[in-house]
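Here is a friendly walk through this structure for anyone opening it for the first time. Keep the view at hand and follow the points in order.

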Amino acid sequence: QDFAEGALIMLLREIQDAHREVQIDLVVDLNRRIHAAFERGELDVAIATSDPLGEPLGESLLDTELIWIAARDFKLTPGAPLPLVLFPEPCIVRDIVLRALVEHGISWRPACVSTSLEGLLSATKAGLGITVRSPQQLTRDLVKVSPGLGLPMLPDVSVAMRINDNGPSSQALTRHIAELVRNVVLVEAARVVRPLDDVVGHDAVEAFSVPKCAVKDDMGQPIG
């Protein structure tokens with residue numbers, strides 16, 4: 001969903017205007033569901049994050065880091081479980097985050113679960129908890145969490161494009177759309193990340209010690 005706004009939406013509108021005879025359906029969903037829909041032959045072109053622990057899928061457009069993000073004025077209650085703002089299952093980023101917390105013995109609780117990126121960002125801006133997204137989501141209201149908070153480093157993820165040459169659309173049209181989408185993703189990623197590099201360093205969230213205790217699942221029950 002990080003790349004389904006702004007320039008990409010405008011591009012798809014331009015393609016629709018230029019090819020009136022073609023019906024273009026845009027599907028915005030969780031990464032695992034996008035991969036599943038593509039493998040069922042329901043999508044001609046798919047852009048989705050690849051699971052870093054799985055097999056590489058499609059053409060890697062870019063590698064992006066995953067960072068802990070919180071509201072500028074967010075304060076973590078000392079000794080309390082880490083409040084998380086996450087997508088529901090099945091979600092690649094959710095799996096990465098929870099795996100890292102389990103490995104580091106960090107207690108957490110689900111402060112908000114939303115199926116939309118807008119819902120995640122709104123809950124995070126409201127100070128309900130901390131989320132994990134790419135740097136594209138940093139704003140004046142949402143900042144990178146200070147390393148001093150003690151949260152684990154997260155692996156980079158690959159944003160990949162998959163092209164279905166055997167789909168219902170003509171191969172030439174599919175390839176043409178894929179090339180336009182590829183360019184937009186790369187340009188948009190570069191445009192958004194660079195101006196924010198200077199903002200993050202001195203706007204980091206104040207650090208508290210993250211409680212390392214009995215790890216809990218999203219129902220608040222101890223694991224192990």
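Predicted model: local features only at pLDDT ≥ 70, side-chain atom pairs only at ≥ 80, totals over all residues.

Among contacts in the protein between residues at least 6 apart in sequence, what percentage join residues at least 24 apart? The answer is 78%. With that in mind, here are my notes.

1. The average pLDDT of the protein is 78, and 76% of the residues reach at least 70. One stretch calls for care: residues 193–224 have a pLDDT that stays under 50, and for them the model has 62 contacts beyond four places in sequence.

2. **The overall layout.** The protein contains five helices and eight strands. Read from the N terminus, the order of elements is α-α-β-β-β-β-α-β-α-β-β-β-α. The protein has 224 residues, of which 46% count as buried.

3. **A sheet with S8 in its order.** Three strands make an open sheet in the order S1-S8-S2, and the pairing is antiparallel. Its edge strands are S1 (45–49) and S2 (59–64), each of which pairs on one side only. From one strand to the next, the twist averages 20°. S1 and S8 (residues 157–163) are joined by five bridges; for example, alanine 48 has alanine 160 in S8 as its bridge partner. Helix H2 (residues 31–39) lies across S1 and S8, and runs at about 150° to S1.

4. **A sheet with S3 in its order.**

5. **The largest nonpolar core.** In soluble globular proteins, nonpolar side chains tend to be buried together. The largest such core here has 38 residues, and those with the most contacts inside it are Trp68, Leu82, Leu84, Val97, Leu101 and Ile130. Two or more residues come from each of S3, S4 (82–86), H3 (92–103), S5 (108–113) and H4 (117–125). H3 gives the most, with seven residues. Apart from this core lies another, of eight residues, including Leu12, Ile15, Leu173 and Val181.

6. Which residues is isoleucine 130 in contact with, leaving aside its neighbours within four places in sequence? They are Trp68, Ile69, Ala70, Phe74, Leu82, Pro83, Leu84, Val85, Val145, Leu149 and Leu151.

7. **The buried side of H4.** The buried residues of H4 are Leu117, Leu120, Leu121, Ala123 and Thr124. Why do they lie on the same side of H4? They do so because they cover an arc of only 160° around the axis. Just after H4 comes glycine 127, with a positive phi of about 85°.

How values were computed: Residues numbered from 1 in each chain as written. Heavy atoms only, no water. Pairing = 2+ DSSP bridges. Helix = DSSP H or I, 4+ residues; strand = E, 2+ residues; numbered from the N terminus. Axes fitted to C-alpha atoms, helices over the stretch in contact; angles between N-to-C directions. Contact = heavy atoms within 4.5 Å. Core = buried A, V, L, I, M, F, W, Y, C linked by side-chain atoms within 4.5 Å. Buried < 20%, exposed > 50% of the residue type's maximum accessible area, 1.4 Å probe, protein only. Arc of directions from axis to C-beta. pLDDT = per-residue confidence, 0-100.
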